[in-house]
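This briefing goes through a single structure, topic by topic. Sequence and coordinates come next, followed by the notes.

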Amino acid sequence: MNDRRAHTEPLGPAHGSPIVLSTTVRRVRAPYGPGRLQCTMRYTSDDPYAVTLDFLVDPGTGLCVTWVVARELLDDGTRGPSGEGDFRVWPLPARDGAADRVRLGLGRPGRHVVLEAEAAAVRQWLDATYALVPPGAEHRLLDWDALGAALLGLD
């Protein structure tokens with residue numbers, strides 16, 4: 001892992017508590033044109049390598065589309081292009097060159113959507129996740145014995 005942060009502190013006292021960012025994302029490209037969606041980004045130390053992105057597609061029915069992606073992939077995408085296939089992230093610089101927005105590309109060839117989120121909000125949220133679980137410490141939170149038993153059908 002290419003760690004850009006120096007974290008030596010132990011896991012924070014909020015172990016297990018989710019860190020949540022509720023924000024509005026702008027739909028830039030999609031089959032149905034531009035628009036806005038509510039997005040909730042969640043991170044919990046119960047799944048230390050992943051972040052969950054919930055996109056509220058239809059507020060009237062509560063229809064929500066959920067993507068679970070690697071925290072590191074989302075983090076890398078705030079600085080440069082990251083990901084491939086059905087989930088990609090890249091920064092969209094402002095005129096001064098700093099990342100102003102982050103674009104999220106979701107979907108498959110021929111059917112995809114591109115969303116934009118405020119880079120500073122995503123960056124601040126990611127920093128809070130790293131305060132809870134520093135990069136490189138994720139493996140300490142996994143129950144390897146239980147995981148192995150589940151994979152082998154011994155549970």
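Tyr130 counts as buried because its relative accessibility is 3%, where buried means under 20% relative accessible area, exposed over 50% and partly exposed in between (1.4 Å probe, protein chains only). Tyr130 lies in helix H2; helices (H or I, at least four residues) and strands (E, at least two) are DSSP runs, numbered from the N terminus. Between Tyr130 and Arg71 there are 59 residues in sequence and 9.6 Å in space, C-alpha to C-alpha.

The model is predicted: local features need pLDDT of at least 70, side-chain atom pairs count only at pLDDT 80 or more, and totals for chains, interfaces and linings use all residues. Residues are numbered from 1 along each chain as its sequence is written, and side-chain values use heavy atoms, with hydrogens and water left out.

**Overall make-up**

- The protein has 3 helices and 8 strands, in the order β-β-β-β-α-β-β-β-β-α-α along the sequence.
- It has 155 residues, of which 37% count as buried.
- Among contacts with a separation of 6 or more, 44% are between residues 24 or more positions apart, a contact being heavy atoms within 4.5 Å.

**Strand pairing**

- E1 and E2 run antiparallel and are joined by 9 bridges; two strands pair if DSSP finds at least two bridges between them.
- Within E2, Met41 stands opposite Leu21.
- E2 also pairs with E3, in the antiparallel sense, over 5 bridges, and a hairpin of 6 residues joins E2 to E3.
- Arg42 has Thr52 in E3 as its bridge partner.
- Strands E5 (residues 82–84) and E6 (residues 87–93) run antiparallel, with 3 bridges between them.
- The bridge partner of Gly83 in E6 is Arg88.
- The E5 and E6 hairpin has 2 residues between its strands, and Gly85 in the turn has a positive phi of about 75 degrees.

**Salt bridges**

- The structure holds 7 salt bridges, each defined as a side-chain nitrogen of Lys or Arg within 4 Å of a carboxyl oxygen of Asp or Glu.
- One of them joins the side chains of Arg42 and Asp54, at 2.6 Å from N to O. Arg42 lies in strand E2 (residues 35–43) and Asp54 in strand E3 (residues 50–58), so this pair ties together parts that are 12 residues apart in sequence.
- Arg42 is partly exposed at 33% relative accessibility, whereas Asp54 is buried with a relative accessible area of 12%.
- Another salt bridge joins the side chains of Glu116 and Arg103, also at 2.6 Å from N to O. This pair links distant parts of the chain, with Glu116 in strand E8 (residues 111–118) and Arg103 in strand E7 (residues 99–108), 13 residues apart.
- Glu116 is buried, with a relative accessible area of 3%, and Arg103 is buried at 16% relative accessibility.
- Arg123 and Asp127 also form a salt bridge, their closest N and O atoms being 3.2 Å apart. The two are 4 residues apart in helix H2 (residues 119–132), so about one helical turn separates them.
- Asp127 is partly exposed, with a relative accessible area of 38%.
- Arg26, Arg101, Arg103 and Glu116 belong to one network, joined by salt bridges that share partners.

**Nonpolar core**

- The largest nonpolar core has 27 residues, and Phe55, Leu104, Leu115 and Trp125 touch the most other members. Strand E1 (19–29), E2, E3, E6, E7, E8 and H2 each give two or more residues to this core, and the largest share, 6 residues, comes from H2.
- Such a core is a set of buried Ala, Val, Leu, Ile, Met, Phe, Trp, Tyr and Cys residues joined through side-chain atoms within 4.5 Å.
- Leaving aside neighbours within four places in sequence, Phe55 is in contact with residues including Val25, Leu37, Cys39, Trp67, Leu104 and Leu115.

**Surface patch**

- Val57, Leu63 and Val65 form a nonpolar patch on the surface, with about 230 Å² of accessible area together.
- Patches are made of residues with over 30% relative accessible area and no salt bridge, like charges being joined within 9 Å and nonpolar side chains (Val, Leu, Ile, Met, Phe, Trp, Tyr) within 5 Å.
- Val57 is in strand E3 and counts as partly exposed at 40% relative accessibility.

Conventions: Areas by Shrake-Rupley, 256 points an atom, 1.4 Å probe, with all protein chains shown as cover.
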